[in-house]
Amino acid sequence: MEIIDTSSWPVVRWTMPAAIPDEEAQALLAAFDGVLARDERFVMIFDGVERPEQSARFNRLYKDWSKRRRKDLGRLVAGAVRVEPEETKRKALLGKLLNAALAAFIPYPFKVVGSEAEAQRTASEWLRAQG
């Protein structure tokens with residue numbers, strides 16, 4: 001399964017699997033470094049699990065990577081939208097986003113929506129606003 005899909009550039013889809021094997025963690029972050037290396041604005045659409053369980057190495061590396069790449073993420077990511085069809089989960093994610101600490105950590109707009117169509121509309125709006 002392809003986790004990071006750039007075939008619809010400048011919309012990048014990140015489908016998070018339930019687990020990321022330790023031996024694949026660094027390669028996944030290198031793939032995202034490749035997205036940033038394009039040095040062009042883009043929007044991310046997230047689906048799949050929120051955080052992979054039992055992927056301690058990936059979660060640790062991702063946290064460190066995010067801190068190091070924060071400036072690039074803020075400059076290049078026009079926004080990120082997560083698709084969560086289940087209303088209960090969507091409300092829980094929205095509650096997390098209202099947490100001031102998390103909001104300060106994410107250097108770009110982030111929205112949780114219920115459908116792929118909503119995600120695509122949001123992505124298009126952010127790209128037009130940046131254009």
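Author: A residue counts as buried when its relative accessible area is under 20%, and as exposed when that area is over 50%. Please keep in mind throughout that this is a predicted model.

Reader: With that cut-off in hand, is T122 buried or exposed, and where does T122 lie?

Author: T122 belongs to helix α5, which covers residues 116-130. Its relative accessible area is 6%, and because buried means under 20%, T122 is classed as buried. If residues up to four places away in sequence are set aside, T122 touches V81, K111 and V113.

Reader: How should I read the sheet, and what is the order of its strands?

Author: In general, the strands of a sheet pair through backbone hydrogen bonds, and they may do so either parallel or antiparallel. Here the sheet is open, with 5 strands in the order β1-β2-β3-β4-β5 and mixed pairing. Its edge strands are β1 (4-8) and β5 (110-113), each of which pairs on one side only, and the twist from one strand to the next averages 25°. Strands β1 and β2 (residues 11-16) run antiparallel and are joined by 3 bridges, with D5 standing opposite R13 in β2.

Reader: Which strands does helix α1 touch, and which does α5 lie across?

Author: Helix α1 (residues 22-37) packs on the sheet through contacts with β1, β2 and β3 (42-48), and its direction makes about 30° with that of β1. Helix α5, for its part, lies across β2, β3, β4 (77-83) and β5, and runs at about 170° to β4.

Reader: Where is the kink in helix α2 centred, and which residues of α2 are buried?

Author: An α-helix has 3.6 residues a turn, so residues three or four places apart point the same way. Helix α2 (residues 56-76) has a kink of about 65°, centred on R69. The buried residues of α2 are F58, L61, Y62, W65, S66, L73 and L76.

Technical notes. Residues are numbered from 1 along each chain as its sequence is written. This is a predicted model: local features need pLDDT of at least 70, side-chain atom pairs count only at pLDDT 80 or more; totals for chains, interfaces and linings use all residues. Side-chain values use heavy atoms; hydrogens and water are left out. Helices (H or I, at least four residues) and strands (E, at least two) are DSSP runs, numbered from the N terminus. Buried means under 20% relative accessible area, exposed over 50%, partly exposed in between (1.4 Å probe, protein chains only). Contact means heavy atoms within 4.5 Å. The bend at a residue is the angle between axes fitted to the seven residues ending there and the seven starting there. Two strands pair if DSSP finds at least two bridges between them. Axes are lines fitted to C-alpha atoms, for helices over the stretch in contact, and angles run from 0 to 180 degrees between N-to-C directions.
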